[in-house]
Structure formats: structure tokens, C-alpha cells
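Subject: Structure handover

Hi,

Here is the structure for you to look at. My notes follow below it.

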Amino acid sequence: MNTQRLLIIGVGSIGERHLRCAQRLGRAEVTCFDINASLRDSVAQRYGVANAYDNLEDAIAVAPTAAVICVPAHLHITIANQLAERGVHLLIEKPLSTSLAGVDELRLLVEQRRIVAAVGYVQRANPVLAAMREALLSERFGRPVELVAVAGQDFPFYRPAYRDTYYRDRSTGGGAIQDALTHLINAGEWLVGPIDRVVADAKHAVVPGVDVEDTVHVLANHGGIPASYSLNQHQAPNEFTITVICERGTLRFELHENRWRWMVEPGNAWHDEPGALVERDDFFVAQLRTFFEAIEKQEPPLCSLEEGMQTLRVNLAILKSLETASWVSTSAD
């Protein structure tokens, strides 16, 4: 088992989680970087991080083997390219970016330097969702014919500092589409394949102190499989559900119940497939473990750069659909 030299870039909420989970995993020497001195020093002290940098070049100069990029999304690609040029393996938090600028350059660098580049869609590290995906791939229920995804939570309750973060502005990765819906989209694409076109409606309905959308509805097409995605960030129940209707049965993933379930005959009860009891950090520990294993074994990561790029194109198509009130293709052309 190799020990990575892991650099955490940005130690806000998600960066602190990655740092904490890396220490729990115990397979990396962890350093961190953040331009916010009080935040950086507080996190470094809390977790006993000896080397916490205020200059990215200084942080890179100590030759990390891998990095987790946790800054606002509009900064991801610039920093990723800087690290990729040095041959540093990358785990880039979702979404990959807020535009396609610089993404092709990153893809080329990843190929040339033979580095692992993963995108942090953490639901792919959820063993319950993975088990449902395996059942789908087995064709036990026939081919998928429809997907319905529904999610919601009281965002201010879980993220009370949201007004002072990237969330308040779409240009930095804010709003429900880039912040939360993107998890549903990526999970849906993992289950039934990439989305090729979308049409969307969204509005700011409830969440106070910001103007970005907190309610989104999307119709999508996954290569001939119709889908609908519905998400809000203001309901009391914290729920995340993806239902895949197949030719010979229906499968449903329920994150909030830590289970997937299936039904094949009308009028019968659901057959539940519960997961083991877990905490949210467990998924991030698993994500880091598979990231390190991908580096050591030169295997594909849970969510590859190409897959992250595809979900980014969907994000951008949804935003364009809001502007044009029309169907928009996600084609890379």
C-alpha cells in the first residue's frame, strides 16, 4: 500500500471534509492551501496539519503526488492545468467547471502526463447506488425505458453560510443547477448513459438572501430513454430518489433511506435491498480510496474526466435552455 502526498486546495466546507477523510483513510501525507488565513490556520490547527500554505506555488513546490481541488468551480480548470503540468493526479470537486474553457487543454495534459483525473461526484462511491447499477447492467429487469429523479432539502438548514459562498452566483458555480441538481444528473448518466438533449424550467422561489434558482425541473433524453429531474432547495424533507423503469421491473434508489428497492409484479410489495449503516464521510473516504487505487493500479477512477465533462455539458445545456426556452443539445460539437 503506497502513501500519497496529498494536497487539499481550498479548506472550506468540502475541503475540510476531504482533509478529514484523508486523515481517516490513513494513506496520505496531507498538506493544504487556502488564501483565507484565518480559515487555513483554524483547519490546520484542528487537524494537526503541519504544512498549510498561503501560496499555491509553494504548496506545489513540495511535490505532491495528488491533489483534491475544492475551490469554487470557476477556478477548477486553471488550477487543474497548473497541477497537471507537474504530473499531479487530480480529484476535482463537482462540477468540473462553469464553462468549457480550458477543459480540452486539461484533457490533453492528462493524456500526455499519464495522470489520473477524477471528478468528485461522490454518489458513485455509494455502495447502494452501485448495487442498483449492477442490477441494471445485469439486464435482470430488461432494458431501461424511463428515469425519474426527485430530490429536495432545506438548503439553508444544512448550509447556513450559503450567502457568503460560491452558491450566491452562477458564475462561481452557484444556484441549484450547478450545486445540487448536477449530482442527480451525473448519477442518472451513470445508471442509464449520457444525456443528449434537455429542456428546463427554474426559478428562485424561497431561499432567502440570494437570487439564484432554488427550484429546477428538467426533461432530458438519455440516448432514447426519456427522463425527468426535479429538485428544490427549500422543502423540509431531505430526500434523494432515482427511479428507473425497465421492461420487466422498476428499480428505485433512495439515498435518504439508504436502500434500493425493486418491484416486478403489479400489486406486490417492494423488495428492499438495504445498505449498511453509514455516515456521510464514509462515501468520501471510499471516493478517496478508489482515487488512490486508480493512481496505484493505473485504472479508471469512479468518475473520469470525460464523464465529468459530459455532466458539465449537461449543466451548460440546462442553463442555455433557461435562456432560450427550448430544447438544447449536449453535443460536444
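Buried means under 20% relative accessible area, exposed over 50%, and partly exposed in between, with a 1.4 Å probe and protein chains only. Arg-259 comes out at 18% relative accessibility, so it counts as buried.

Some ground rules. This is a predicted model: local features need pLDDT of at least 70, side-chain atom pairs count only at pLDDT 80 or more, and totals for chains, interfaces and linings use all residues. Residues are numbered from 1 along each chain as its sequence is written, and side-chain values use heavy atoms, with hydrogens and water left out.

**Arg-259**

Arg-259 sits in strand β13 (residues 259–263). Helices (H or I, at least four residues) and strands (E, at least two) are DSSP runs, numbered from the N terminus.

**Backbone**

Which residues does a cis peptide bond join? Lys-94 and Pro-95, with omega about -20 degrees. Pro-95 lies in the loop between β5 (89–93) and α5 (103–113).

Arg-114 is not a glycine, yet has a positive phi of about 55 degrees. Its loop runs between α5 and β6 (117–120). Arg-114 is exposed, at 64% relative accessible area.

Glu-139 also has a positive phi, near 65 degrees. Glu-139 is in the loop between α6 (127–137) and β7 (144–154). Its relative accessibility is 57%, so Glu-139 counts as exposed.

**Cavity**

The whole-structure search finds 1 cavity of 30 Å³ or more. (On a 1 Å grid over the protein atoms alone, a cavity is a set of points where a 1.4 Å probe fits but cannot get out; lining residues have an atom within 4 Å of a point. Grid points are joined across faces, edges and corners, and a volume is the space filled by probe spheres set on the points.) The largest cavity holds about 80 Å³. It has 13 lining residues; Ala-118, Gln-287, Thr-290, Leu-302 and Cys-303 are the closest to its centre. The largest share of this lining, 3 residues, comes from α9.

Best wishes

Notes:
1 Å grid on protein atoms, 1.4 Å probe; cavity = no way out; pocket = protein on both sides within 12 Å on 5 of 7 lines; lining within 4 Å.
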